[in-house]
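Trainee: I would like to go through this model one question at a time. Please give the terms as we reach them.

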Amino acid sequence: MWLEYNGQPLKWQYPIGVLSDLLLGPDDLLPWNITVHFSKFPESEVYRFDSKEMVESYFMACLKEADVLKHRGQIASSMQKKDHNQLWLGLQNEKFDQFWAVNRKLMEASGDQDYFKYIPFRCYIDDGYRQKLVKPISDDNHKKTLQDLLEELFPGNKNIKVKTHGMIPPMETPLQWLSEHLSYPDNFLHLCVV
Amino acid sequence: MSEETQETVVQEATDSLQSMNIRTEPVDSSDPEHTKQKVDILLKPTGNAPIMKKKKWTVDSDKKIGWIIEFVKKYLKLEPNEKLFLYVNQTFAPSPDQVVKNLYDCYSTEGKLVLHYCKTQAWG
């Protein structure tokens, strides 16, 4: 089975908010009407998943990758299996408190640090997304902003704007704040170039 | 496996690589065009995975992880239903639709992206 909107197959591994930011225009009506297909799976465009466990491993892999960027992977790897289960079950059953009780540890700067090492983000452009190492503070200890991130990612291109969670955040938003408050459950910021 | 069959395996993998448009010769790093578009990856076995005679490969930076998984499976002559998992930093499994460039930009060390492969899930 696969889903389609406006001729475009929906990638199941992207958060639904990202799909909506990528595919819905200002004139599209909500609720979002999508088409369900039962044949002709678009193999070249959508990665096939054959079990719920695979979706779980995909989600956990994203969390771990984000933790590698934020804390050199030390928080996720020090967690027990039951913590990982709690994250997944909390997400799956929409139990915010259950999820957040564990996720909080991943979302804090570790030890005596005030900032993450790097900001986990994916910036969607064209058919895919870009990732790069971007620190939340500059070498002279200034808080970096969304503007700084976009300049590092697209040097020389000043007019780029991004959308996340259906809105365009102000360019002067500090990256550390953005990462702590607007990351998706997979611990990544998902920014769509508009 | 005898040396002769090993050679055949390598040759076949090389042939299939060429049919997939991948460079099999060492890349001259002084050529700016190549340093811009290709990246070096190092494939290391873990667990019970067989070793690859050639570990260091140069691939197009826009290739996806799914493509590398298929390539390693072919090189190791795994059955189509056998699984192969790739890991970055011995920590997380990158998504099959992730492009090598992103991983190289974030996780390469000393100019190489190290990818561990195994036939069963490691590191969760």
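Mentor: A nonpolar core is a set of buried Ala, Val, Leu, Ile, Met, Phe, Trp, Tyr and Cys residues joined through side-chain atoms within 4.5 Å. Buried means under 20% relative accessible area, exposed means over 50%, and partly exposed lies in between (1.4 Å probe, protein chains only). The model is predicted: local features need pLDDT of at least 70 and side-chain atom pairs count only at pLDDT 80 or more, while totals for chains, interfaces and linings use all residues. Residues are numbered from 1 along each chain as its sequence is written, chains are lettered from A and ligands numbered from 1 in the order in which they are written, and side-chain values use heavy atoms, with hydrogens and water left out.

Trainee: Which element gives the largest share of the largest nonpolar core?

Mentor: This core has 34 residues, and Ile41(B), Leu43(B) and Met52(B) are among those that touch the most other members. Elements giving two or more residues include helix 2 of chain A and strand 1 (38-45) of chain B; helices (H or I, at least four residues) and strands (E, at least two) are DSSP runs, numbered from the N terminus. The largest share, seven residues, comes from helix 3 of chain B.

Trainee: Which residues does Met52(B) touch, not counting residues up to four places away in sequence?

Mentor: Contact means heavy atoms within 4.5 Å. By that rule, Met52(B) touches Leu43(B), Trp57(B), Phe71(B), Val72(B), Tyr75(B), Leu76(B) and Tyr117(B).

Trainee: In what order do the elements of chain B run from the N terminus on?

Mentor: Chain B has four helices and four strands. Buried residues make up 46% of its 124 residues. From the N terminus on, the order in chain B is α-α-β-β-α-β-α-β.

Trainee: About how much area do chain A and chain B bury between them?

Mentor: The size of an interface is often given as the accessible area lost when the parts come together. Buried area is the accessible area (1.4 Å probe) that two parts lose on being put together, summed over both. Here 17 residues of chain A are in contact with 17 residues of chain B. With 51% of it on carbon and sulfur atoms, the area that chain A and chain B bury is about 1500 Å².

Trainee: How many salt bridges does the rule find across the interface of chain A and chain B?

Mentor: A salt bridge needs a side-chain nitrogen of Lys or Arg within 4 Å of a carboxyl oxygen of Asp or Glu. Across the interface of chain A and chain B, the number found by the rule is zero.

Trainee: Is Glu94(A) buried or exposed?

Mentor: Glu94(A) lies in the loop between helix 4 (81-92) and helix 5 (96-106) of chain A. Its phi is positive, about 55°, although Glu94(A) is not a glycine. Because its relative accessible area is 74%, Glu94(A) is exposed.

Trainee: What does Glu110(B) count as at 77% relative accessibility?

Mentor: Glu110(B) is in the loop between helix 4 and strand 4 of chain B. Phi of Glu110(B) is near 50°, a positive value in a residue other than glycine. At 77% relative accessibility, Glu110(B) counts as exposed.

Trainee: Which residue does a cis peptide bond join to Leu30(A)?

Mentor: The residue is found in the loop between helix 1 (16-23) and strand 3 (35-37) of chain A. With omega at about 0°, the cis peptide bond joins Leu30(A) to Pro31(A).
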